Amino acid sequence: MIPLPLARIAEITSGALTGAADPRAVVRGPVVIDSRAAEPGSLFVAFKGDRADGHDFAAQAVAAGAVAVLAERPVDAPAVIVADTTAALAALATAVCADLPQATVIGVTGSSGKTSTKDLLARLTARIGPTVAPVGSFNNEIGHPLTVLRADETTRCLVLELSARDVGHIDYLARIAPPKIGVVLNVGTAHLGVFGSREAIAQAKGELVEALPADGVAVLNADDPLVAAMADRTRARVTWYGRSARADVRAEDVTVDERGRAAFTLRTPSGTAPVALRLYGEHAVDNSLAAAAAAYELGLPVAVIAQELSEAEPRSRWRMEVTDRPDGVTVINDAYNANPDSMRAAFRALDALAGTRRRFAVVASLAELGEHSDALNEGVGRLAGGAGLAGLVVVGQDAGPILAGARAALAESASGAPPGGPETRVVHAADTEQAAALVEEMLAPGDVVLVKGSRAAGLERVAHALVGGDGR
């Protein structure tokens with residue numbers, strides 16, 4: 001963070017110093033919301049959560065070295081008292097971002113693939129200079145400003161992931177750190193229950209390109225019609241990425257190896273270069289192209305882009321993590337989150353990686369789908385039922401639609417199949433512990449199992465149990 005005295009922080013946040021806070025004391029970072037992460041020179045922001053109130057840990061944070069606490073009520077420590085810590089955190093990040101002398105802000109949004117694309121882009125921009133990017137999916141009204149506040153005078157690129165929980169949310173985040181480059185990946189059915197339609201989702205995602213300046217660049221997916229239509233909503237220059245011929249940055253001659261990893265020729269306006277991804281799943285091609293298009297606009301040569309993409313490993317947890325056990329069982333941990341589109345991509349990756357090996361899946365009901373929930377979850381079940389699985393474990397108390405869809409798909413396929421063929425075992429697990437036990441008893445050496453579900457389901461615990469971890 002840019003060093004700031006407490007007096008300046010109070011001025012930015014419209015706060016008042018209390019608890020014998022020294023107005024000349026300087027916060028040099030980091031800004032933290034967990035008192036256990038406090039260190040000398042840091043600022044602790046006290047939030048009142050569902051399970052704990054950060055104000056109760058103010059003294060602990062200062063004892064660990066925090067200069068002061070940003071709080072909503074007096075605490076037993078030096079503090080800046082504000083009316084709303086969320087708003088104050090945003091104001092502080094806005095001021096710091098405006099004072100970054102040479103940083104280019106790049107925003108990434110989309111219904112799926114945001115974190116993977118952000119990770120790839122952060123790797124690419126590191127070739128330009130010091131880069132700050134979120135850890136995992138810090139993409140909301142708290143994680144976003146916390147990421148911005150990690151930047152300092154040396155930062156050259158600030159790569160930010162922007163999520164949308166409602167119309168206006170991305171606009172709010174973009175005002176904290178105004179982007180120069182905006183990347184829009186896709187418009188799918190994630191959060192359909194909140195927005196009501198894909199068109200409404202597109203309206204929200206398009207707020208990113210509306211925030212771009214006239215000398216900025218909108219990096220848009222040429223293969224997604226709802227994203228392509230956003231070209232009319234921006235003052236910025238548009239560059240296209242994708243697989244179609246209209247894309248400025250595109251993939252040609254895509255192949256997928258026996259481990260589900262894609263290779264392709266990266267074509268740009270100034271030449272081509274071969275890319276062989278270490279990331280799993282063909283959908284990684286699209287994320288790579290989006291990152292490549294933004295990096296190309298920043299001036300990186302195509303050969304450098306191709307080299308970095310080919311060397312990239314997953315950075316964020318529980319996203320297409322592939323582990324081979326000593327007995328030859330392969331566990332695909334894609335449990336961080338799920339929506340209908342990412343579920344289809346995960347099953348395609350399972351198909352490519354499994355080949356002729358027996359395949360299994362552990363899934364859970366998709367969330368935030370509103371009135372579409374039952375139909376879309378039944379569609380997930382039909383997807384699983386048609387995936388050639390030897391076994392399917394559906395987790396949670398709301399598993400009914402997935403189970404119904406899977407059994408319907410299996411019944412339809414069985415009606416036209418010759419007798420005596422292999423049957424898919426479909427079972428319901430009440431929780432992740434039971435799910436891990438059920439799938440483990442089905443597995444034999446050499447099998448492949450996909451673990452995929454919404455964040456609330458916590459299916460990473462299943463994946464970690466299968467590979468001998470603790471799930472944390």
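Because the model is predicted, local features are taken only at pLDDT of at least 70 and side-chain atom pairs count only at pLDDT 80 or more, while totals for chains, interfaces and linings use all residues. Residues are numbered from 1 along each chain as its sequence is written, and side-chain values use heavy atoms, with hydrogens and water left out.

**The whole chain**

Begin with the C-alpha trace, which spans about 80 × 55 × 45 Å along the principal axes of the protein. The radius of gyration, taken over C-alpha atoms, is compared with a globule rule of 2.2 Å times the number of residues to the power 0.38; for 472 residues a compact globule would have a value near 23 Å, and the protein, with 24 Å, agrees with this. Colouring by secondary structure shows 17 helices and 22 strands, where helices (H or I, at least four residues) and strands (E, at least two) are DSSP runs numbered from the N terminus.

**The nine-stranded sheet**

Next select the open sheet of nine strands, whose order is E9-E10-E8-E11-E12-E13-E14-E15-E16 and whose pairing is mixed; two strands pair if DSSP finds at least two bridges between them. Strand E9 (131–132) and strand E16 (271–280) are the edge strands, each pairing on one side only. Helix H4 (residues 114–125) packs on this sheet and touches strand E8 (104–109), E9, strand E10 (157–161) and E16, its direction making about 175° with that of E10. Contact here means heavy atoms within 4.5 Å, and angles run from 0 to 180 degrees between the N-to-C directions of lines fitted to C-alpha atoms, for helices over the stretch in contact.

Within the sheet, strand E12 (residues 217–221) pairs with strand E13 (residues 237–242) in the parallel sense over five bridges, and Val-219 has Thr-239 of E13 as its bridge partner. Moving on, E13 is joined to strand E14 (residues 249–256) by two bridges, again with the strands running parallel, and Tyr-241 stands opposite Val-249 in E14. At the E16 side, strand E15 (residues 261–268) runs antiparallel to E16 and is joined to it by seven bridges, with Thr-268 opposite Gly-271.

**The six-stranded sheet**

Now select the open sheet of six strands, ordered E17-E18-E22-E19-E20-E21 with mixed pairing. Strand E17 (321–324) and strand E21 (425–429) stand at the edges with a single partner strand each, so one side of each has no neighbour in the sheet. From one strand to the next the twist averages 15°. Four bridges join E17 to strand E18 (residues 330–333) in an antiparallel pair, where Thr-323 is partnered by Val-331.

Helix H17 (residues 460–467) lies across E17, E18, E19 and E22 and runs at about 155° to E18.

**Two backbone details**

Most residues other than glycine have a negative phi, and most peptide bonds are trans. Ala-20, in the loop between strand E2 (16–18) and E3, has a positive phi of about 60° although it is not a glycine. Pro-30, in the loop between strand E3 (26–27) and E4, is joined to Gly-29 by a cis peptide bond with omega of about -5°.

**The second largest pocket**

Finish at the second largest pocket, which has a volume of about 880 Å³. Of its 25 lining residues, Ile-33, Asp-34, Ser-35, Arg-36 and Phe-138 are the closest to its centre. Strand E4 (31–32), strand E5 (43–45) and helix H5 (143–148) are the elements giving two or more residues to the lining. A pocket is an open set of points on a 1 Å grid over the protein atoms alone, where a 1.4 Å probe fits, with protein on both sides within 12 Å along at least five of seven lines, and lining residues have an atom within 4 Å of a point; the volume is the space filled by probe spheres set on the points, which are joined across faces, edges and corners.
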